[in-house]
Amino acid sequence: MENLRKLFAVLDRWKGNYLFAGFLMLIAIFVRMLEPRILQIAIDGVVQYKEGHLQKILQEADIVAKYLYGILPDITADNRTYVLLCIGLLFVCIATLKSLASFAGSVVAAKSTESAIKNLRIKLLSHIQSLPMGHFSKVPSADMIQRCTGDIDTIRNFIGQQTIEFVRLTGIFVIAFFMMASIHFWYAVISVALVPIVLGMAFYFFHLESKIWQIHEKEQDKLTAIIQENLSGIRVVQAFAKEEYEIEKFVHQNIAKREVGIRHVDYHKIFWSITDLLLNIQIVMSLLAGTHFVLNQQITLGEFAGFFTYAVMVTFPIRGVGRIVTQMGMAAVGMERISQILETPPEDYSGKSLEGTTIKGKIEFQDIVFSYDESAETKTLNKVSFTINPGEKVAILGPSGAGKSTLIALLGRFYEPNAGQILLDDEPITTLEKTALRKKLGIVHQKSFLFSNSVQGNIAYMNPSVAKEKIDQVATAAKVYDFLDKLPNGYETQVGEKGVTLSGGQKQRVSLARTLLGDPDILILDDSTSAVDTETEFEIQQALKEKMKGKTTLIIAHRLTSIQQADRVIVLDKGKIIEEGTPKELLKKDGFYKKIHTVQVSLEEDIQNELGTMDKNQEN
Amino acid sequence: MDQQTDHLHTGKGALWPFLKRMIHYSLNYKNWLYSFIFWIMITAIVDAIFPLLLLGLIDYAITPQLQLMKAAMENGTTHTTDFAQVFKFLGLFALAGAIQAFAVYMFVRNTGRMAEYVMYDLREQMFRKLQRLSFSFYDRSASGWLLSRLTSDTDRVAEVISWGLLDAFWGITSIVFCQIAIFYYNWKLGLIIFVSVPILLVASVKIRMLVLKYSRESRKINSDITAFYNENINGVMINKSTGQEQRVGQDFNVLTSKMKRSSYRSSYYTAMYLPVVIFIGALAAAFVVFFGGNMAIALPPVITIGVLIASFDYALKIFLPIIDISMFYAQAQGCLSAGERIFSLIDEKEEIQNQEGASDFKDIKGAITFSNVAFHYNENNPVLTDFNLKIEAGTSVALVGATGEGKSTIVNLVARFYEPTNGQLLVDGVDYTTKSLQSLRSNLGIVLQTPHLFSGTIQENIVYGRQEATLADIEQALALVGGQDFLPRLKEEVGENGDQLSMGERQLISFARAILTDPAIFIMDEATSSIDTLTEARIQQGIEKMLNQRTAIIIAHRLSTIKNCDRILVIQKGNIIEDGSHRELLMAKGKYYDLYTHQLREERLGELTS
């Protein structure tokens, strides 16, 4: 019920329109119900005219028929064609009215549905954008995308189709039943006697059916997963000549999917044939009763004919109700899943705006304690304190999982520390407005992510209308410029799914350029040149040195070449700072830094010796 | 296919050839196909008979009784109603109902089965094809596109030739029989309905095509919307870091507005559809009431009341089969492009396949010779022209040079992922195109730059190339690559694409996987560039052992990885510009010397500036 309320809340300010659409639908149904009456009065008029009992018929006719007779001119010997023409025209009028009302109803409903869904889509996306990062690590992105697409479609169907269909079928049933009852009550009751059974069966069946459908979907998903995995690993498959093995795996699942599909079909064959049989029995029953009443002269032949049309109108759609209700159940689930997102509190975007100010770049971590999972025993960061002075270039080193990226996530307020505080230019960052703070910190993330846009579009992401010179400038610094001429359309080359796939290093260079475009006051490189070759990396560093002159720079890296520009190195391990100092100082200590250094250098040791003599020769 | 040709699959092709080809798939299941056609026709005929039975009931059972009753009343006698005729017609009614129920059972069963089997066949055919297509195909095809051909495209196409076909047959049979029945009783009333059919059909198809146009449009926008969500959920960190959360919403507004417009239009024409066809049907029914009424009222009556009712019924129902026929047409039009995509994949030429009578390689020793090899991915841009290289069996060769100079092409040619466009590539002195692809590949151990793991356990991934490997074999392979740590973790799941593991771990496993097959030729394409220094050091020792007595071709960006190779080739613009051992090349002070000293200098610079 709660979900149902939420479902209708989706309609938002279009609720009134939507209800109006429902009203138009009901009018259409009511008018439609007059159609069989035309047949009825035509038949009775004809028969009675022949037999001269017109007066008697008029007295005995039910309300609706009486009213219709009232509109028509009296039948006399001369005007029977005229009367029939009137009946024909009346029928056309009714058909026109019905068509117009149902068309208008559907259009109004469609308009309000599409508006409401558009609204919901935007609301959902905007809300997602403002959710804290913690949410994204808990919910897999595929699941969230499914909610934004599949579940929205389900809701759209519910509002735009199923509800309307449900109202229509119920309307038809109720009005048709009253129409029949107005002719003859017991006849009407007999004509719908089996309806509850069929309805019950339909509910039961579609309940079962939705279960088997879920199994079907599961098997289908498994099949999709197999294909997907095969395609993404096709190079490995072919390299190992395992095509037959893959085919075997695929065929196995393909069969499983087919068999569930057939089970699903088998449910249907039983349901449709049994309900068809029952409904046909219902019609025979109705005819038998009708014949009885006609022969007992309780109803006229015209009423009998009209009645039969109603009976058929009522019976067959009943089968569909089960399906609609089952599908409506799915909408409740979909709504629930979407509400979960919408009800997750967004990040707090309040705080002091930094717009127009410049950050000097003093960063202070004071006893920071943090873990992604608050109940976890071991903390990701445990009482981490350090200070970075304005303009300093600091490298953070440590094995993976030490908490390096977490430091940056906390600095950007993507997460909030469990204890301790972080100061930026001596102000707690919790008092600063997040968006502005993050813009001031130019963070280049570890995993470079590009949007499917042109290279230029990606670089100018923060400011699409930026001057071309500016783009050239950052592209040169990040060494994007160097590979532009290798791309088919230079700056305009589309990247991602719909275009060229850039190499890891190229992607990293574009993301760096994107960050530089924002003119950050502090630059943070989170292992963001790892896939760039050392030569290019060196050149980038030279360029950054110029660009970030006097600005604070934080570098996370595991390659020593990446941190050779650092004034100071902080070594982090298991959430604690274990070493800190200038690279020179650290080399003297027998710690982590030294160890990494030795490993990298020892790889070269033999050759160094070999080279030693040559170098000397050269220097001489 | 690739993006360029995908634009060609716009569904503008002819409907008939597509249907003809599809029907071939259905004809594999002749029994089901003919059976469902038979039973749906029975259903349609019974549908057409129902109004006739009602007609019979009224004219032959009820009316005579009513007349007798009236006559009796006028004579002042009582009349006992005779129900014999009534029961006869109602009995027939019940019989027809039972036949129909059985027919429904039969056609649902057979159509459903056929749909599933055709889907199955299409999917399998495409999947088999995909396994045989070469890298050049995958270079230009996005995997998302390929996947949808085996899933949604297949479903839609199979639906058309099963349930769609069923609808079409029902519709056609219905129209024919209703028409026959009504002409039989009265040709004038028959003519009214006869005239209404083409009008209905034209109006139907016209509106349906409009609906199709806009629903196609919204489907396209829908995939853009999905992509947009996908990007901005996966890239939410970037949006937050760059403070673009608000702007994303505005961009999305453009897309959703487009979506709203096209799905509204599609709904608009859908909403128009039924009222229009029902209205046309109602016009026909009005004519029937007028003309039929006149004929029934005439003295003596031209038609009976029963015929009037039945004709009215037919007129009101004639739009139903039209709906089904036009639906089939629209459905078939709608999935024309899906069909084209499917068939283009099935018809895709296999660029690399075994020549007729290709024999298997037996015990490859590993001598590789490039003899005047030329190769290009695209004609205007040759990668290799007249390339010559002889690698003795059991020697390790490293390829060095900048990206895009042709190193990967050389190893891809050795693995026969591509074939030379000119010249020959000899393995153990034999042109490898005369041998079977599988026998070559099963003798290769290949480690690629980005290690791809399949979901499953670590163990399953290691034994991928050799399912029958024992635990001891696995242990040995792991020891060789310095991955002993994995031994207690063999049953651990690696996750989709191996994303539960770090890049270094994945690469270690892919090394173990390659070495487990004990390949005669070992190929590493930038295999160490994605792993960290510590892991590299571990692998380094293993590599040396692995390369012992094995032919190996290694591309590495870090020169430390390759210093122990027997030969180092410096490749530039598809040519070998230097060839020799590490020591020899250093002495020569050429390009390799430059590269090497440069790398070392950088390392040292790191020390000096600190």
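How many bridges join strand 9 of chain A to strand 10 of chain A? Keep that in mind as we start the tour; this is a predicted model.

**Stop 1: the two strands.** Select residues 568–573 of chain A, which are strand 9, and then residues 576–581 of chain A, which are strand 10. Five bridges join these strands, and they run antiparallel. Now click on Ile570(A): standing opposite, in strand 10 of chain A, is Glu580(A).

**Stop 2: the whole sheet.** Next, show the open sheet of chain A, where six strands follow the order 6-7-8-3-9-10 with mixed pairing. Strand 6 (441–444) and strand 10 of chain A are at the edges; each has a single partner strand, so one side of each has no neighbour in the sheet. As you step from one strand to the next, the twist averages 15°.

**Stop 3**

**Stop 4: two helices in chain B.** Finally, select helix 6 (residues 143–185) and helix 12 (residues 336–347) of chain B. They pack at an angle of about 125°, and their axes are 9 Å apart. Because of that angle, helix 6 of chain B is oblique to helix 12 of chain B. Their crossing is left-handed. Show the side chains at the contact: helix 6 of chain B contributes residues including Trp145(B), Arg149(B) and Leu150(B), while those from helix 12 of chain B include Ile342(B) and Leu345(B). The residues of this contact divide into six nonpolar, three polar and four charged.

Note on methods: Residues are numbered from 1 along each chain as its sequence is written. Chains are lettered from A and ligands numbered from 1 in the order in which they are written. This is a predicted model: local features need pLDDT of at least 70, side-chain atom pairs count only at pLDDT 80 or more; totals for chains, interfaces and linings use all residues. Side-chain values use heavy atoms; hydrogens and water are left out. Axes are lines fitted to C-alpha atoms, for helices over the stretch in contact, and angles run from 0 to 180 degrees between N-to-C directions. Helices (H or I, at least four residues) and strands (E, at least two) are DSSP runs, numbered from the N terminus. Angles under 35 degrees count as roughly parallel, over 145 as roughly antiparallel, 65 to 115 as roughly perpendicular and the rest as oblique. A crossing is left-handed if the near helix is turned anticlockwise from the far one by less than a right angle, and right-handed if clockwise. Contact means heavy atoms within 4.5 Å. Ala, Val, Leu, Ile, Met, Phe, Trp, Tyr, Cys and Pro count as nonpolar, Asp, Glu, Lys and Arg as charged, and the others, Gly among them, as polar. Two strands pair if DSSP finds at least two bridges between them.
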